[in-house]
Structure formats: C-alpha cells, structure tokens
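Work through the exercises below with the sequence and the model side by side. Try each task before reading its solution.

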Amino acid sequence: MNFDTQVTLPASPVSNVPISISSPSIPTNSQAVFSGKDTRQDLIEEIILSKMDLNIIAPTGNNLDFFESIEVFMSASDLPEVSIASKMNIADGLSILKLDPSGANIKDYIKKADFSLRFAIPDFGIRHVQG
C-alpha cells in the first residue's frame, strides 16, 4: 500500500524552535485493497512501514537544511498516536530525506477508514547561522 500526502511548513524562523505539523486525513481504502489481494481485514496480522521519504516540492531547488531531526507519528480514530519513522543528524544539502521506519505494527491504523500523520521537528529553523 502506498500513501502520499503534502504538508506546508511555515516560513523558517531565525532561531531553532520546535514545531509540529499535521497532515490532512489520508484515506486508506484498505477494504478495497485487501479485497483486491484476495484477503480480508480480519486475516491481516501485521503491517509494518517499510519506507518513508520526505521531499520538497515547492519552492523548487531548495533542500532540507532547515532542520536536523524529525519524527513522524500516525494517528487514527480511537487509537493512540504511534511513532512510525524518524531521522536524526540529517546531513546538509538533501532534497530527499529517507526516514528510518520505527518497526511499529500499524495494522489497526491501516484498517481504519483514514489516518493522519504528525511531523514533529524539535529544531525547526535556520541551523547554520553565520555570525
């Protein structure tokens, strides 16, 4: 199952500050997907995130130098928020960031009609201030 979403980050502040940005609700369409693969929700034992990438779509030509770490959380109706991916010590100059999946079983979240993501950036802002 593949999911895409977009979030807008605020203009970068002068100093590092923590921010948290939530995605819009993301439909899972899980019943249709499971049916198309000749299975049912009640037969699914485990769903583990295998890959998560972040990239900048606008403005073009920019990179992810405005933060050094990020953690992504998943939430769904009647379920607790769970960490699904993160990246620490992000290198300079990246325009695509490959996050490290947490290994959490997200089966119950994917079985819901939709879920949301929250992007927690503890050090958002200009990290290389020249003085």
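Two strands pair if DSSP finds at least two bridges between them. Helices (H or I, at least four residues) and strands (E, at least two) are DSSP runs, numbered from the N terminus. The model is predicted: local features need pLDDT of at least 70, side-chain atom pairs count only at pLDDT 80 or more, and totals for chains, interfaces and linings use all residues. Residues are numbered from 1 along each chain as its sequence is written, and side-chain values use heavy atoms, with hydrogens and water left out.

**Exercise 1. The outline**

Task: find how many helices and strands the protein chain has, and their order.

Solution. Step one: count the elements. The protein chain has two helices and eight strands. The order is β-β-α-β-β-β-β-β-α-β. Step three: take the dimensions. Along the principal axes, the C-alpha atoms fill a box of roughly 60 × 30 × 25 Å. Step four: check burial, where buried means under 20% relative accessible area, exposed over 50%, and partly exposed in between (1.4 Å probe, protein chains only). Of the 131 residues, 31% are buried. Step five: look at contacts, meaning heavy atoms within 4.5 Å. Among contacts with a separation of 6 or more, 72% are between residues 24 or more positions apart.

**Exercise 2. The neighbours of β4**

Task: work out which strands pair with β4, and in which sense.

Solution. Step one: go to β5 (residues 79-87). Six bridges join β4 to β5, and the two run antiparallel. Step two: pick out partners. Ile 70 has Lys 87 of β5 as its bridge partner. Val 72 stands opposite Ala 85 in β5. Step three: inspect the turn. β4 and β5 form a hairpin with two residues between them. Asp 78, in that turn, has a positive phi of about 65°. Step four: go to β8. Five bridges join β4 to β8, again antiparallel. Here Phe 73 is partnered by Arg 118. Step five: judge burial. Five of the seven residues of β4 are buried, so the strand is largely enclosed by the rest of the structure.

Now follow β5 onward. β5 pairs with β7 (residues 100-101) in the antiparallel sense, over two bridges. Ala 85 stands opposite Pro 101 in β7.

**Exercise 3. Aromatic pairs**

Task: find how many aromatic pairs the whole structure holds.

Solution. Step one: set the rule. Rings of Phe, Tyr and Trp (its six-membered ring) pair if their centres lie within 6.5 Å; planes under 30 degrees apart count as stacked, over 60 as edge-to-face and the rest as tilted. Step two: search. The whole structure gives two pairs. Step three: take Phe 3 and Phe 115. Their ring centres are 5.1 Å apart and their planes stand at 90°, so this pair is edge-to-face. The pair links distant parts of the chain, 112 residues apart: Phe 3 is in the segment before β1 (17-22), and Phe 115 is in strand β8. Phe 3 is partly exposed, because its relative accessibility is 30%. Phe 115 is buried, at 3%. Step four: take Phe 66 and Phe 67. They form an edge-to-face pair, 5.1 Å centre to centre, with 65° between the planes. Phe 66 counts as buried at 19% relative accessibility. Phe 67 is buried too, at 2%.

**Exercise 4. The largest pocket**

Task: describe the lining of the largest pocket and say which strand gives the most to it.

Solution. Step one: define the space. On a 1 Å grid over the protein atoms alone, a pocket is an open set of points where a 1.4 Å probe fits, with protein on both sides within 12 Å along at least five of seven lines; lining residues have an atom within 4 Å of a point. Grid points are joined across faces, edges and corners, and a volume is the space filled by probe spheres set on the points. Step two: read the volume. About 1300 Å³ lies in the largest pocket. Step three: find the centre. Of the 40 lining residues, the closest to it are Thr 5, Asp 53, Leu 54, Asn 55 and Phe 119. Step four: assign strands. β3 (53-55), β4 (70-76) and β8 (114-124) each supply at least two lining residues. β8 gives the most, with five.
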